[in-house]
Amino acid sequence: MNTNIILFASGKGSNAAAIIDYLKLHPFARVSLIVSNKKDAGVLNIAAQENIPSKVVDKEFFHSQEFKLQLQSLKPSLIVLAGFLWKIPEVLVKAFPEKIINIHPALLPDFGGKGMYGHHVHDAVLKAGKKESGITIHYVNEVYDSGGIILQARCVVAPSDDTDSLAQKIHRLEHFFFPRTLEFLLKQ
Ligand code: GRF
């Protein structure tokens, strides 16, 4: 029996790629669909290369009952936000309780919330003079970046770090821990 994972992503898709690669060795879990809100998102090239179906959604469809029904028909074990920038509508949160997982590139509850994504997060961490940062993998609820925390991993912020070098450290943590955390959740 296959276990389906649906990925939502808005950007380059390096986390999506790490998850897809990792699951190649998994006995039964596969990414069955990649959903993006941007038609030129890099993640759609990854979907094409990997022969994974993909779907670009506009805001109206994203909030529709029809989209919810389409997702439900795939019976996903998890819906994974791998760098997805839109807020998840309540209709989806309610339809998939404890099944929607997000990764945030900082140690929540700090440096989260609306507008805190990508380099904005790393800039804020550096500006605050933090000595460490990290990643937070958490359940998604109705409020940005506030669902139950599943895993956090940390890295040192060195005095020499800038936005790019910190982003690289965070991506390394993400690519290691995100696929493994999903695998762990599938076993629960
Ligand atoms: C990641 O840093 C993730 O934490 C955040 O968005 C970024 C996505 O990067 N939510 P990528 O598209 O997976 O490379």
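## The model

This is a predicted model, in which local features need pLDDT of at least 70, side-chain atom pairs count only at pLDDT 80 or more, and totals for chains, interfaces and linings use all residues. Residues are numbered from 1 along each chain as its sequence is written, and side-chain values use heavy atoms, with hydrogens and water left out.

## The largest pocket

The largest pocket holds about 840 Å³ of space. Its lining has 41 residues, and Gly-83, Phe-84, Leu-85, Tyr-117 and Gly-118 are the closest to its centre. A pocket here is an open set of points on a 1 Å grid over the protein atoms alone, where a 1.4 Å probe fits, with protein on both sides within 12 Å along at least five of seven lines; lining residues have an atom within 4 Å of a point. Grid points are joined across faces, edges and corners, and the volume is the space filled by probe spheres set on the points.

Helices (H or I, at least four residues) and strands (E, at least two) are DSSP runs, numbered from the N terminus. The most comes from α7, with six residues. By type, the lining splits into 17 nonpolar, 17 polar and seven charged residues. Nonpolar covers Ala, Val, Leu, Ile, Met, Phe, Trp, Tyr, Cys and Pro; charged covers Asp, Glu, Lys and Arg; the others, Gly among them, are polar.

## Around the ligand

Residues surrounding the ligand include Lys-12, Gly-13, Ser-14, Asn-15, Ile-103 and Glu-174. The cut-off is a heavy atom within 4 Å.

For the side chain of Ser-14, the distance is 2.5 Å. A backbone N or O atom of Asn-15 lies 2.8 Å from a ligand oxygen. For the side chain of His-171, the distance is 3.2 Å.

## Helix α1

Helix α1 is mostly covered, with seven of its 10 residues buried. Buried means under 20% relative accessible area, exposed over 50%, and partly exposed in between (1.4 Å probe, protein chains only). The buried residues are Ser-14, Asn-15, Ala-16, Ala-18, Ile-19, Ile-20 and Leu-23. Their cover includes β1 (3-8), β2 (29-36), α2 (42-49), β4 (78-81), β5 and α7.

Asp-21 also sits in α1. Asp-21 is partly exposed, at 45% relative accessibility. Its C-alpha atom is 16 Å from that of Leu-173, which is 152 residues away along the chain.

Ile-103 belongs to strand β5. Ile-103 is buried, at 8% relative accessible area. Beyond its neighbours within four places in sequence, Ile-103 is in contact (heavy atoms within 4.5 Å) with Asn-15, Leu-81, Ile-135, Thr-136, Ile-137, Glu-174 and Phe-178.

Ser-133 belongs to strand β6. Ser-133 is buried too, with a relative accessible area of 2%. Outside four places in sequence, its contacts include Pro-105, Val-125, Ala-153, Cys-155 and Ile-170. Ala-153 is 20 residues from Ser-133 in sequence and 8.5 Å away in space, C-alpha to C-alpha.

Notes:
Polar contact = N/O pair within 3.5 Å; in protein donor to acceptor, adjacent residues only side chain to side chain.
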